[in-house]
Amino acid sequence: MLSEHVVLIIGGGSGLGLGIARHCRDEGAQVAVMEVSAEKVTALKEEFGDDILAVQGDVTLVEDLQRCRTAVVEQFGRLDALIGCQGIFDGNVALRDVPVESVPALFDEVLRINALGHILAARVFVDLLEQSEGAIVLTASVAAYAADGGGLMYTASKGAVVSIINQLAFEFAPRVRVNGVAPSTFTNSQLRGPAALGLESQKQSDIPKEDFLRLFLSLVLLQELPTPEDFAPLYAFLASRHNKIMTGQTIIADQGMFNRAVLSKGAA
């Protein structure tokens, strides 16, 4: 799928991004990863060796993105696809339970990483993608389409991502295709909580697996909790030159969650 493609994955050090990085490499891509955690960059180098370019950097800092851009050009000479997987969760804290004095900081933290990060990355790399007639694939969430996929800030940030995809597809056409994937829940999510609420040491994967799985399976039609790698083929196709027909689209990958039974099970 990705032979003769250079793919940059932002936030590719763990969780969804790592699953996508592994899949893109297996599909023949030359892979670069930008990751904010120095520890995860080290782990990437230990797993992949020289098979990938791993750059430590913060997607919300222009200078880090530009440094990553320079490293990609120096090593590969071009870029064919940008995949955005960076993200932060908001702890699923209801607005009425957020101290009012913490609301601005929570908004700034979550929206800066989840929305502004995609905008800055698109701006820094668009010229390279225009040269290759490449693609951008961003990560939204089912939370953008229905309540209770997170708290207010997470939901707002993912709704913003869907709008970013729509607008950038319009602005970057016809030379750059811009699409997104809106995953539901998956195993081993490494999204951390917000420092604004003192939850930066907590991750989504800390939820007890049995309780989480029971709730998840009660909502979806496909009775298997997916892994990050299960979503990766969607990203690979959208990032590839095989996609000649889609731009400005967000694929909702929800295991049938939005088609759940309302009346039938109650009648039974």
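Which residue forms a salt bridge with D64? Select R67: the closest N and O atoms of R67 and D64 are 3.4 Å apart. A salt bridge here is a side-chain nitrogen of Lys or Arg within 4 Å of a carboxyl oxygen of Asp or Glu. This is a predicted model, in which local features need pLDDT of at least 70 and side-chain atom pairs count only at pLDDT 80 or more, while totals for chains, interfaces and linings use all residues. Residues are numbered from 1 along each chain as its sequence is written, and side-chain values use heavy atoms, with hydrogens and water left out.

**Stop 1: helix α3**

Stay on the R67 and D64 pair. Both sit in helix α3 (residues 62-76), three residues apart, so about one helical turn separates them. Helices (H or I, at least four residues) and strands (E, at least two) are DSSP runs, numbered from the N terminus. R67 counts as partly exposed, at 40% relative accessibility. D64 counts as buried, at 13%. Buried means under 20% relative accessible area, exposed over 50%, and partly exposed in between (1.4 Å probe, protein chains only).

**Stop 2: D80 and its partners**

Select D80. It is buried, with a relative accessible area of 3%. R78 forms a salt bridge with D80, and the closest N and O atoms are 2.9 Å apart. R78 is partly exposed, at 29%. R241 lies in the loop between α7 (228-239) and β7, and D80 in the loop between α3 and β4 (81-84), so the pair ties together parts that are 161 residues apart in sequence. R241 is partly exposed, with a relative accessible area of 37%.

Next, show R22, E47 and E229. Salt bridges that share partners join these residues into one network. A search of the whole structure finds seven salt bridges.

**Stop 3: the cores**

Which residues touch the most other members of the largest nonpolar core? Select L8, L65, F125 and I136, out of 43 residues in that core. A nonpolar core is a set of buried Ala, Val, Leu, Ile, Met, Phe, Trp, Tyr and Cys residues joined through side-chain atoms within 4.5 Å. Elements that each supply at least two residues of this core include β1 (6-10), α4 (103-132), β5 (135-139) and α5 (152-172). Helix α4 gives the most, with 13 residues.

Centre on I136. Leaving aside neighbours within four places in sequence, I136 is in contact (heavy atoms within 4.5 Å) with L82, A122, L129, F172, V176, R177, V178 and N179. Apart from this core lies another, of 28 residues; V7, A21, F48 and A232 are among them.

**Stop 4: the surface**

Select Y145, I252 and F258. They form a nonpolar patch on the surface, with about 250 Å² of accessible area together. Patches are made of residues with over 30% relative accessible area and no salt bridge: like charges are joined within 9 Å, nonpolar side chains (Val, Leu, Ile, Met, Phe, Trp, Tyr) within 5 Å. I252 is in strand β7 (residues 250-253). At 35% relative accessibility, I252 counts as partly exposed.

**Last stop: the whole chain**

Zoom out. The chain has eight helices and seven strands. Buried residues make up 49% of its 268 residues. The chain exposes about 12800 Å², of which carbon and sulfur atoms supply 53%. Accessible areas come from the Shrake-Rupley method with a 1.4 Å probe; for residues, only the protein chains shown count as cover.
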